[in-house]
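Here's a quick rundown of the salt bridges in this one. Have a look at the sequence and the model before reading on.

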Amino acid sequence: REFLIEELTRLLTASSPLTSSALKQNNLTLHRSTLHEHQSTLTRLRASIAESRQRTNLLSTVRSDISSYRSSNPETAEADYMLDERSRIDRSHGVADSVLSQAYAVNEQFGVQREMLGNVQRRIVGAAGKVPGINGLIGRIGTKKRRDGIVLGGFVAFCMLMFLYFM
């Protein structure tokens with residue numbers, strides 16, 4: 001590109017001033033500025049590539065230094081492993097503690113709800129005792145439940161006996 005621009009400049013200066021136009025001069029200036037921009041971009045890209053290579057070399061050097069240190073000091077490497085394992089165990093204990101605290105909170109809420117339902121049951125029984133006829137109705141419902149339970153138990157026993165008889 002530089003050769004091309006030098007050739008264009010030589011042709012413009014060699015030609016007579018009458019044949020060189022402002023358009024040609026403008027094109028030459030445009031080409032020079034484009035060349036300058038491309039050269040600065042190229043310089044910037046080369047610098048960034050060199051920086052990236054240096055960073056990569058530095059990282060690989062550090063990694064190799066760490067691995068050589070660990071291979072030359074197996075006790076230290078084992079101690080580092082144990083410390084890492086200890087931190088993982090501590091984190092798992094923290095998770096278990098949070099789960100247990102949630103379980104205790106749920107258990108406490110169940111106790112509060114049980115107490116609330118017990119209060120509701122006492123109120124219903126108290127209200128049922130004040131209204132005549134409700135006790136009789138509740139007694140008949142209980143008797144019917146017991147009778148249904150006895151019938152259902154007898155049916156299950158009969159089915160089991162039949163099953164065992166035909167086996």
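Is Glu51 buried or exposed, or does it fall in between? Glu51 comes out as partly exposed, at 46% relative accessibility. Keep in mind that this is a predicted model.

- Glu51 is tied up in a salt bridge with Arg55, with an N to O distance of 3.4 Å.
- Both residues sit in helix H2 (residues 22-72), four residues apart, so about one helical turn separates them.
- Arg55 is partly exposed too, its relative accessible area being 46%.

**Glu85 and Arg88 in helix H3**
- These side chains make a salt bridge in which the closest N and O atoms of Glu85 and Arg88 are 2.8 Å apart.
- The spacing here is three residues, about one turn of helix H3 (residues 74-130), which holds both Glu85 and Arg88.
- Glu85 has a relative accessible area of 28%, which makes it partly exposed.
- Arg88 is partly exposed as well, at 38%.

**Asp90 and Arg86 in helix H3**
- Asp90 and Arg86 meet through their side chains in a salt bridge, at 3.5 Å from N to O.
- Asp90 and Arg86 are four residues apart in helix H3, so they're about one helical turn from each other.
- Asp90 is partly exposed, with 39% relative accessible area.
- Arg86 counts as exposed at 53%, because the cut-off for that label is over 50%.

**The general idea**

Technical notes. Residues are numbered from 1 along each chain as its sequence is written. This is a predicted model: local features need pLDDT of at least 70, side-chain atom pairs count only at pLDDT 80 or more; totals for chains, interfaces and linings use all residues. Side-chain values use heavy atoms; hydrogens and water are left out. A salt bridge is a side-chain nitrogen of Lys or Arg within 4 Å of a carboxyl oxygen of Asp or Glu. Helices (H or I, at least four residues) and strands (E, at least two) are DSSP runs, numbered from the N terminus. Buried means under 20% relative accessible area, exposed over 50%, partly exposed in between (1.4 Å probe, protein chains only).
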